[in-house]
Amino acid sequence: MSTIPAHPELTVSPTRGPFRLAVAMLSVTTVTILWGALTTSTGSGMAYADWPLSDGQLMPESSYTQLPHFFEHFHRLFASSAGLIALGLWIWLALSGRADRRATRTALFGGCLVLTQGVIGGTGVLLNLPAVTSVTHGTLAQLTLATFGWLTYQLSDRCRETEIARDVAPGAGRKLVLFALAVVVAQTVVGAVARHTNSGHALWTHVGNAFVVFLVITIATAFAVGKLSKTRGVKGLSQAIVGLLILQIVLGFVALAIRNDAGKAPENVDRLGAATTISFHVLIGALLTVLIAALAAHVFRATRRPGVE
């Protein structure tokens, strides 16, 4: 008589649900950034001059019959969805106690960023899109994505399984990866100024800074691979960053060649191919930001002091 061997019970991570919700948040925020970039690139930011409603309605007919209104309205819907997910994620972590306080604080900070970014975006619409609100709105979007990238890592099994790198000093490389993240964010700010002011000086500063960004990121990823080669995930993450960086530089020069000298003009909606290419340049920049944030979180985890969880 044969017997069926008993299988050991699978251990379910206590943060499995919040981790999946954090991944959903990353996905929705990524779509929101791409949609926002398309809204800007096609000059559709003032398709609706009111906020938070669109022409005083939740779903006006023009939002699915006219392209500029489609871009602007669904950007608002995606942003609202991101806000609700961020709120739900923080409440889940705060009430369930499934994650440590650092992850809960990260979720709260990310939620505050989402709220601030949404209010600034709406205020910008009411003020007819002044450059200061548009630049701040775009920059905060990428910081939001980076924050939730860090949170996703904190909630992941990889974070809990990452052992201390014994052959490097505690805290090694942290300043370097944070500097790389700061350089990318600074490049985002300059790019946003160029997009929203159509300033030639800002544009060429952005182009020149691309080489500085390339150098700093190359050094940061080389350090991570060289010093933390035994830490799972670091090499693959670093390779993805370098690959995206090369793609981003290529896209940047393509965007420079096809851009409309008039900037974010409503006429760009008739040049949808060019607007889409430029928008993907913005999106890749955001993805670079979130991957570098994830690498920074990884480095922080691997170089913690013994006894620190």
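**Close-up 1. A99 and its contacts in the predicted model.** Leaving aside residues up to four places away in sequence, A99 touches T15, L93, T104 and L155. The structure shown here is a predicted model, so please read each of these views with that in mind. A99 sits in the loop that links helix 2 and helix 3. Its relative accessible area is 16%, under the 20% limit, so A99 counts as buried. For a sense of scale, follow the chain from A99 to T133: these residues are 34 apart in sequence, and their C-alpha atoms are separated by 35 Å.

**Close-up 2. Helix 3 from end to end.** Helix 3 covers residues 101–126.

**Close-up 3. The buried residues of helix 3.** Which residues of helix 3 are buried? They are A103, T104, T106, A107, G110, L113, V114, Q117, G121, G122, G124 and V125. These buried residues pack against helix 1 (16–41), helix 2 (67–96) and helix 4 (131–154). One of them, T104, is also a contact of A99.

Close-up 4. T147 belongs to helix 4. With a relative accessibility of 11%, T147 counts as buried. Which residues does T147 touch, not counting those up to four places away in sequence? The contacts are T106, F109, G110 and L113. Among these, T106, G110 and L113 are on the list of buried residues of helix 3.

Close-up 5. W51, L115, V119, L126 and L127 together make a nonpolar surface patch of about 500 Å². Is V119 buried or partly exposed? V119 is partly exposed, with a relative accessible area of 39%.

**Close-up 6. Two cysteines, C112 and C159.** Here are two cysteines to compare by their accessibility. C112 is partly exposed, at a relative accessible area of 41%, whereas C159 is buried, at 10%. A disulfide is a covalent bond joining the sulfur atoms of two cysteines. How many disulfides does the structure hold? The number is zero.

Notes
Residues numbered from 1 in each chain as written. Predicted model: local features only at pLDDT ≥ 70, side-chain atom pairs only at ≥ 80, totals over all residues. Heavy atoms only, no water. Patch = residues over 30% accessible without salt bridge, like charges linked within 9 Å, V, L, I, M, F, W, Y side chains within 5 Å. Areas by Shrake-Rupley, 256 points an atom, 1.4 Å probe, with all protein chains shown as cover. Salt bridge = Lys/Arg side-chain N within 4 Å of Asp/Glu carboxyl O. Helix = DSSP H or I, 4+ residues; strand = E, 2+ residues; numbered from the N terminus. Buried < 20%, exposed > 50% of the residue type's maximum accessible area, 1.4 Å probe, protein only. Contact = heavy atoms within 4.5 Å. Disulfide = S-S within 2.5 Å.
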